[in-house]
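Here is a brief report on one protein model. The sequence and structure come first, then the notes.

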Amino acid sequence: KILKYIVLLLLLINLLIVWRWRIAGDVVKEIAATATAAASINKSPSKLVSPSMSSIPQFTEAKAAVTPLPAINAPLKDILESLKGRVQQHDANAACRLAEELFRCDYLLPERKKIIIKLQQESQAAGLDSATLSKLQERLASYKAKDQIDQHVCSGFENQEGLEAWRFKFIAALNGHLGSMEDFTAVPYWNPDDLNANIEAWRAFQDHREVFLLQAANAGSSSAVLTLVEEYSGDSSIMRGPLAVLSKIRPDFKQAAKYSYVYNLISRDDAGNNHYVSRTLQQAARQLPSQELAAAKQEADRLFKSWS
């Protein structure tokens, strides 16, 4: 009887797993259909600029800021118009700064408040040992300190124009701002859980992510190099995640080998990532002819030398 119950339990577990995967598959299909339908609308790149900021051009060449940016942690309401004006003058640094401040006030500040409330509740729970309580209080103090700074920066700011952080980060990246290229490919400056409300952001992410990563890597960004290793090996978080169908970067083992070789040249003390990169090279060696692997090594050497 016990064996019979065990078999029935295992069968039930398998049915639950299959059911969950079918639901996940339906969700992915729905997301893909939404993305495809939206991609057929507003194909003009100019549509990537919101109506309230339609006069802001898109840029392809980096232009250095003529004057320093406003002081760190200056109230956003005091510097908003200045930053917007500088963005109009093709200032990529100003576009990046504005993106960060909008992201801070519209997303990070309210999200941090939720975390603070949760930590306060956890720290007041009964039965906590002293070590756990100490760690909770330490985290709480850190979040409160950041919250106090952000409260100062965001006080009096109301986003009446509906300015979106991702658009300014995107503009900065298009304008050749290296940090913004890295940011835009790694951090969603929009709500990634609401695809329908942020379809333009996802489109921009899809269409430009590989280009931004390549430009950043060619400029010497080690994080971009590592991300390209992940993407071209088909082993990145995006390729594994539920939004895999939205990624346009496809595995390319020659490129994976090239950027793996580059990463080994620029990082010699990162044991975890170096192990991962070595594994990628072994995988590429099994997939590529020896001459293609050698060509990837030569390209990596040339890229590394170009950084001086």
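## A buried asparagine

Asn-198 counts as buried because its relative accessibility is 11%; buried means under 20% relative accessible area, exposed over 50%, and partly exposed in between, with a 1.4 Å probe and protein chains only. Asn-198 sits in the loop between helix 6 (178–186) and helix 7 (199–218). Helices are DSSP runs of H or I with at least four residues, strands are E runs of at least two, and both are numbered from the N terminus.

Leaving out residues up to four places away in sequence, Asn-198 touches Trp-190 and Asn-191. Contact means heavy atoms within 4.5 Å.

## Basis of the model

This is a predicted model: local features need pLDDT of at least 70, side-chain atom pairs count only at pLDDT 80 or more, and totals for chains, interfaces and linings use all residues. Residues are numbered from 1 along each chain as its sequence is written, and side-chain values use heavy atoms, without hydrogens or water.

## Nonpolar core

The largest nonpolar core holds 64 residues. Such a core is a set of buried Ala, Val, Leu, Ile, Met, Phe, Trp, Tyr and Cys residues joined through side-chain atoms within 4.5 Å. Leu-76, Leu-102, Trp-166, Phe-184, Trp-190, Ala-257 and Tyr-259 touch the most other members.

Beyond its neighbours within four places in sequence, Ala-257 contacts Leu-281, Ala-284, Leu-288, Leu-293 and Ala-296.

## Overall fold

The protein has twelve helices and zero strands. Of its 308 residues, 37% count as buried. Among contacts between residues at least 6 apart in sequence, 70% join residues at least 24 apart.
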